[in-house]
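Walk through this model with its confidence in mind.

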Amino acid sequence: MILLISLAFLFALPADTFGAPTNVAPVSGQAISLLRRNQFPRDVTQWGALAKRQRDNLIAKYSGATTRKRSTGYNLCVHPYSYYGSLAIGTPAVSFDVKLDTGSSDLWLASSSCGTSCGSVSTYNPSSSSTFQNLSTPFTIQYTSGFADGYVAQDTVQMAGFSVASQGFAVVDAVSQAFLASPVSGLLGLAWQSLASSGQMPLWQILASSGAWDSALFSVQLTQYNNDPTAQVLEPGGVLNLGYTNSSLYTGSIDYIDIPGTPSYWYIPLISMTVQGNSISIDSGTTAVIDTGTTNIGGPASSVQAIYAQIPGSQPATGEWEGYYTFPCSTTVNVELSFGGATWSISPADFAFTQTSSTVCIGAFFETTTGTGSPSWVIGNTFLKNVYSVFRYNPPSVGFANLSSIAIAENGAAGTVPSATFGTISAAVTNTSDAPRGHALSASLSTLLLLAFSAVLLL
C-alpha cells in the first residue's frame, strides 16, 4: 500500500484518491499530486494580450505543412495558467520545475550559463553532475514569441520514484529576454519521440517501452477553479498517475480511441459536437490533438463560427481578442464532444474563459488554423478538466472516463503544497533508445514521490 502522508491532510479524502492502490501488493506505478497557482491578469487588456499570444502560438505550433519535429517551449509564454511539476536531474540529483505538456516531446532546461535572459528561474549546472554527458548536438528553438538555443545532453533523470540513466534532454543557454518565468525552468514533453526536435526519446516513452511500469500508460485528472473568487494563490490541481489508472478517480469504463496513424501528437478522430443540443458540422476525417499544454480549444473558423451561432447574443471579439467570441455571461452554454465512442460534456463554467465586464464573457473556443497534415482541432484543459484522461503506449490511444464523485469533490478544495520528495527509486532504467533496450527493476515500491504541480501565470 502506497503511503500518501502529505495528501492525507491536504484534502481529508481517502488516500486512494491520489493514486495509491489500496489492499494490493506494491506495483511499479506511482502518483504525482498536482497543484495550480491562480494568479490571473489584473485587467481586461492583460487578458486580451494573453489570449492573442495563445492563439498566435497555437497557430505556430500546429501550422507545419507536414507533421514535423519541433520544439515545445513556446507554450511557456502562451497560457494564463499551465501545469508544472518537479523532476530531478543529475548526480547528485537537483530538482527543477518544468511544464507538463502532452502536446510536445522534448525535455529542456535553462542552463546556468543562460545569464540574465533567464531571469530568476533555477538553472541546471552541468558541471555539478558527475553523470552529465554533452552530446555536442546543437538545439535551436524558434517561436513566434522568441527563441531558445542550446545543445543536447544526457544525464540521470528522476521522476515519481522512477530513474532513467542517460536520459536525453536539451540544455538551453540562450533565450529571448523574459522568455522564462519563475518558477518554471523548462518543459517536460509527454508526446511521442517523432516530434522531438532533440531527437531524444521522451522520458515517459522510455519508461513505458522498457516495462518499468505496471501498465504502459499515464493518466491525468485536473481540478477546476474557473472564475472562482475564493481561489487562493495555490490550489490543488489534480493528479498525474504513472504506470496505472486510479479507479477511485473515475466511474464506469475507460473509452479508448486509437491514434489513427503513426504516433506523433496524441491525436484522435473528432466525430461529432453539439452546442445547446444542436449539431455542429464536422468534416469526415477530422482529428484533434489532446494537449495539456493548451488552456482552451482551437478549431477551424467555420466550425467555431457555427458554435457561437447557437448562442444568442454572441459576437466576434475584436482587437487582441481577434479569433475569440463574446457571449452573455447569463447564458448557460452546453457543449458535448464525441471522438467515436462515448459523448463527453464540457461544463458551462469551463466554456467561459474569462469576463470582459459584469455581463460579457469570452468563450473558450477560438479560431485557429493548422497546416496540411496537422490535426485541425486542439483540445486543451477546457475539456480535460471534465474527464479522467489516459494516454496509452500500446496500442497508441487516448482514453476518457467520467470523473468520480471523489475527483469532483476536489474542485475548489483548498490545500497545502506538498513537499517534493524523491525517496527510494522503485524502477531504474537506462536509456538505450539508439541500441537494444535494457532495464533493471527493483523488487518493490517503497515510496511515493509527491511533486507540486501548479498552474502559473506566465506573462
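pLDDT is the predictor's confidence in each residue, on a scale from 0 to 100. A contact means heavy atoms within 4.5 Å. This is a predicted model: local features need pLDDT of at least 70, side-chain atom pairs count only at pLDDT 80 or more, and totals for chains, interfaces and linings use all residues. Residues are numbered from 1 along each chain as its sequence is written, and side-chain values use heavy atoms, with hydrogens and water left out.

The protein averages a pLDDT of 78. Of its residues, 69% score at least 70. Residues 1-28 have pLDDT below 50. Beyond near neighbours in sequence, this stretch has 63 contacts in the model. Residues 65-81 also stay under 50 in pLDDT. For them the model has 86 contacts beyond four places in sequence.

Now the sheets. Strands are DSSP runs of E, at least two residues long, and are numbered from the N terminus. Two strands pair if DSSP finds at least two bridges between them.

Inside, strand 13 (residues 272-275) meets strand 19 (residues 335-338) over four antiparallel bridges. There Met273 stands opposite Leu337 of strand 19.

Another open sheet runs 17-18-22-21, four strands with antiparallel pairing. Strand 17 joins strand 18 (residues 325-328) through two antiparallel bridges. Gln315 stands opposite Thr326 in strand 18.
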